[in-house]
Amino acid sequence: MNFSKKNKKHKIIKMNNVSKKVILSLAIMATLGLVSCKNETKQETETTIEVSKTMANAVVSFGVRGNCGMCKSTIEKAANKVEGVANAVWDVEKKKIDITLNDSKTDAILIHNAIAASGYDTDKVLGSKITYNSLPDCCKYKHDMVMSQSGDMKAEDHSNHDH
Ligand SMILES: [Cu+2]
């Protein structure tokens, strides 16, 4: 009799430990989410030097929609996973990605598809709605966002006149 009581107590303690761990990891995840949405300025410098290390022989550029530094890392990660991609740099201002390939035979559509699967629109393939919906709120870009911007937006804006 005494023995089973002890056992029960032990189980309760164990469960407490588990739920503590769950709460702790949820807290960590929440903190990480907040941090990565805010640090958009920091990440610009680290991706520029890597090109010369590889046998890069072709460059592909196209438009990709997105909002912030976290979008940048998601988009670049998706592009970098495609075989033949040496380096990918997405520009948050221009809404454009520059990809260096180490195999010029790599089909650009594969990179469009990979980025779209991560939730982001490219100028050829619309982003997966399911992945888009699971993005943090700060990353839910507008689907009418202009891609491949030159930086001089006003010259191209015809929305205010009647033709
Ligand atoms: Cu974002």
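Leaving aside neighbours within four places in sequence, which residues is V64 in contact with? In this predicted model, V64 is in contact with I75, W90, K95, K96, I97, I115, Y120, D121, T122 and M147.

**Setting of V64**

V64 sits in the loop between strand 1 (58-63) and helix 2 (69-80). The residue counts as buried because 33 other C-beta atoms lie within 10 Å, where the cut-off is 20 or more.

**Overall fold**

The protein chain has four helices and three strands, and along the sequence they follow the pattern α-β-α-β-β-α-α. Of its 163 residues, 22% count as buried. Among contacts between residues at least 6 apart in sequence, 67% join residues at least 24 apart.

The elements discussed here are listed below.

| Element | Residues |
|---|---|
| Strand 1 | 58-63 |
| Helix 2 | 69-80 |
| Strand 2 | 85-91 |
| Strand 3 | 96-101 |
| Helix 3 | 108-117 |

The three strands form an open sheet in the order 1-3-2, with antiparallel pairing. Strand 1 and strand 2 stand at the edges and each has a single partner strand, so one side of each is left without a neighbour in the sheet. Neighbouring strands are turned by 15° against each other on average, direction ignored. Six bridges join strand 1 to strand 3; S61 has D98 in strand 3 as its bridge partner. Helix 2 packs on the sheet, touching strand 2 and strand 3, and its direction makes about 160° with that of strand 2.

**The core and helix 3**

In soluble globular proteins, nonpolar side chains tend to be buried together. Here the largest nonpolar core has 21 residues, and those with the most contacts inside it are I75, A79, V85, A88, I97, I99 and I115. Helix 2, strand 2, strand 3 and helix 3 each supply at least two residues of this core.

The buried residues of helix 3 are I111, H112, A114, I115 and A116. These residues pack against strand 1, helix 2, strand 2 and strand 3. After helix 3 comes G119, with a positive phi near 110°.

Definitions and conventions. Residues numbered from 1 in each chain as written. Predicted model: local features only at pLDDT ≥ 70, side-chain atom pairs only at ≥ 80, totals over all residues. Buried ≥ 20, exposed ≤ 12 C-beta atoms within 10 Å, placed from the backbone. Contact = placed C-beta atoms within 7 Å. Core = buried A, V, L, I, M, F, W, Y, C linked by C-beta atoms within 7 Å. Pairing = 2+ DSSP bridges. Axes fitted to C-alpha atoms, helices over the stretch in contact; angles between N-to-C directions.
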